[in-house]
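Please open the model in a viewer and keep the sequence at hand.

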Amino acid sequence: MNDMDLNARPKAAQILRTLAHLAISSQFLFCKGTLLVHAQMKPDVVTYHNDLARTGQNLNETVLAPANVNANSFGKLFTYSVDGYFYTQPLYVAGVSIPGKGVHNVVYIATQHDSVYGFDADSNQGDNTAPLWQVSFINPAAGITTMPQSDLGLNDFTQAEIGITGTPVIDPLTGTLFVVAKTKETIGGSTRYYQRLHALDIRTGKEKFDGPVEIRASLPGTGPGTDGFGHIAFDPFYEFQRPGLLLQNGEVYVGFASAGDIGPYHGWIIGYDAHTLQLTRAFNDTPNGYEGGIWMSGAAPAADAEGNIYCMTGNGMFNAHIGGLDFGDSFLKLTPAGGGLIVADYFTPYDQAVLDATDGDLGSGAPLLLPDSAGSDAHPNLLIGCGKEGIIYLLDPDQMGHYRATDNSQIVQSVNLAAGTSSMPAYFNNWIYYLAINDVLKAFSISNGRMSSVPVSQSHDQFGFPGATPSISANGSNDAVVWVIQADAFATRGPAVLRAYNATNLDERLFSSSDAGTRDRLGPAQKFAVPTIVNGKVYVGAGFELSVFGNLGAPIVTTQPLGQKAYRGADVTFNVAASGTPPYSYRWQFGGNDLVDATNAWLTLTNVSLEASGVYRAVVSNSDGTAFSAEAELVVAPPPLPPRLVINPQLEVSVQGETGQTYSIEYTSDLDRDYSYWVILTTLTLTNSTQAFLDPDGTNQLKRFYRAVVEPF
């Protein structure tokens, strides 16, 4: 057994580490013991519409409420400029450690100009006027650009270029943002089009897992675009990555349709391993037919706890009812199996042929999985969706209904919304919220598996095309607000409008960004925009800008510093964030006394001693007043003995450490390339100074590295 010193590698709250390795046949398994403390959980928005059910609700909003969302006390705090239009929903991760820049709450956006940004989510003053990081996937000098829409024969000024369109997804466990970018590359007189899946470190924007990977797939099929030998290959020129990405059970799923119905195209969902970026599976919803795009007005596929995936498809061939494989204008339940996705169940409206012929497009909407509280004994699980026809379909995902030629009586219920949708609904407290095209915001109740046939509440503000996808903020079941972005001025380059309504009485409009003259004016409207509401702020995308809204006036602390436990010699960081009229100033105190040169929104203590134990707090001020954060206690203790891992010839791993100490055993596949990414294999509390375990998948790996991480004491 040889010891290898890795102290030169980057560290994260590290005090001691040891590494041992053993070579057995062609397998190399590395072990190391590390003293780390896992971070505390914080509120994040890491996927489209907040969760895998796509409810659009944030039930942990303790700052914003109907009482303080109005033009007098709420408005635009600041704006960031970006390099293009963006249709992606802003994503948010709290407490991100940015190398050399401290700890920040970070908001992430991606643009049609093929850029991804990480911005401070709470302030644009000082160093935060610039992005914390920005990456671009184009290089015009080298012939690499976004795809001009004119290459498809289209002319839409709001989308003159196609770059990044679908909302990314973030894996908070690995700190990875997954995003798909489209490029046109002219090199040596030859032009090709590419779509690539990128995996970016949320701290730096750097590529991870040997990314990016070019998106490729080929499946059996005889439909348009076939190679003439019974296969259809994914076409990066015609396929349009419109829906948000889905992260489920360690796989990233990417959906495709077309831009402007230009083809040949099909509806694709392609899956990749979220740890290696290897292709895992692919699905084509019209392999022997045409079209059937999966676009859903930018929404992401939904997923349930069993790993099933739900989507709605657009205009296209349908023949599944006669044994075919084509599913145009259908709700699909897809189950991962082998190297593909199988259609485990489906529902297709009886008038599918009419929808297809008249651009009735069921796939302009997206499915929402309802919670158990909405169901009944007969139908405990439910999902809903609505397309351009304006019929809300309430389905049982365990028996969706397939196709009936005469009517839709086989499903749970259908409700006439009276207007078509290019959006998806939101859910809160047994109410379902829709804002259709040329319609007002409406709420339908649902109880015991049945929706109300008419709205139980509605607003008076009519939205044109494309309507809007609502989002909800609430503190549990209280203080609920519905947020929507009115984007019907996009065709005339008019401004977007952020509106907020009392979620329990939609007739009560709380706020509009047009209420206070130019103070809250937004940039050019962009279709299908969805706001993100988290931690006392609302993030709104418009053409070439990201605007941040929050409470005005004296500071309100929205992110409290958290108490921490650390071992002597570790580095510790506290951070604070506030709303209120900017700019802000910050002071940190220890034991009630100001610390010298501690004037950032974060406080980093390096190489802490036992004497650093005590109470810390932040003081945030602006021209309207001062706010004190909650007190955060730091407890510093002597470190335990460094853990050590040993592998025997039978590939059994032994942990040597302190009896009674708890360790997380983690692994990675490549210590050099994936150093920041570790997967938790198991957690052990030592009952003896040495304890063994087996990695059930270890013998199937070419190489694998292990470490023991000390759990918080």
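Begin by selecting Thr 348 and Ser 330, whose side chains make a polar contact at 2.6 Å. The coordinates belong to a predicted model. Thr 348 is found in strand S27, which covers residues 340-348. Is Thr 348 buried or exposed? Its relative accessible area is 0%, so Thr 348 counts as buried. Next, display the surroundings of Thr 348: leaving aside neighbours within four places in sequence, Thr 348 is in contact with Phe 318, Gly 328, Asp 329, Ser 330, His 402, Tyr 403 and Asn 408.

**The nonpolar cores**

Select Phe 331, Leu 370, Ile 384, Ile 392, Ile 446 and Met 451; of the 55 residues in the largest nonpolar core, these touch the most other members. Strand S30 (residues 391-395) supplies the largest share of this core, namely five residues. Now centre on Ile 384. Residues up to four places away in sequence not counted, Ile 384 touches Phe 331, Ala 366, Pro 367, Leu 368, Leu 370, Ile 392, Tyr 393, Leu 394, Pro 425, Ile 432, Tyr 434 and Met 451. A second, separate core has 40 residues, among them Ala 121, Tyr 586, Leu 603 and Ala 618.

**Aromatic pairs**

The structure holds 27 aromatic pairs. For one of them, select Phe 74 and Trp 483: the pair is tilted, with 5.5 Å from centre to centre and 45° between the planes. Phe 74 lies in strand S5 and Trp 483 in strand S39 (residues 478-486), so this pair ties together parts that are 409 residues apart in sequence. Both Phe 74 and Trp 483 are buried. For another pair, select Phe 327 and Tyr 346; the ring centres are 5.2 Å apart and the planes stand at 75°, so the pair is edge-to-face. Phe 327 and Tyr 346 are both buried.

**Backbone features in loops**

Move to the peptide bond from Gly 263 to Pro 264, which is cis with omega near 25°. Pro 264 is found in the loop between strand S21 (251-258) and strand S22 (268-273). The peptide bond from Pro 582 to Pro 583 is also cis, with omega near 5°, and Pro 583 lies in the loop between strand S48 (577-579) and strand S49 (585-590).

Finally, select Asn 249, a residue with a positive phi of about 50° although not a glycine. Asn 249 lies in the loop between strand S20 (246-248) and S21 and is exposed, with a relative accessible area of 63%. Glu 291, likewise not a glycine, has a positive phi of about 55°. Glu 291 lies in the loop between strand S23 (279-284) and strand S24 (302-303), and at 24% relative accessibility counts as partly exposed.

Notes:
Residues are numbered from 1 along each chain as its sequence is written. This is a predicted model: local features need pLDDT of at least 70, side-chain atom pairs count only at pLDDT 80 or more; totals for chains, interfaces and linings use all residues. Side-chain values use heavy atoms; hydrogens and water are left out. Helices (H or I, at least four residues) and strands (E, at least two) are DSSP runs, numbered from the N terminus. Buried means under 20% relative accessible area, exposed over 50%, partly exposed in between (1.4 Å probe, protein chains only). A polar contact is a pair of N or O atoms within 3.5 Å; within protein, one must be able to donate a hydrogen and the other to accept it, and residues adjacent in sequence count only if both atoms are side-chain atoms. Contact means heavy atoms within 4.5 Å. A nonpolar core is a set of buried Ala, Val, Leu, Ile, Met, Phe, Trp, Tyr and Cys residues joined through side-chain atoms within 4.5 Å. Rings of Phe, Tyr and Trp (its six-membered ring) pair if their centres lie within 6.5 Å; planes under 30 degrees apart count as stacked, over 60 as edge-to-face and the rest as tilted.
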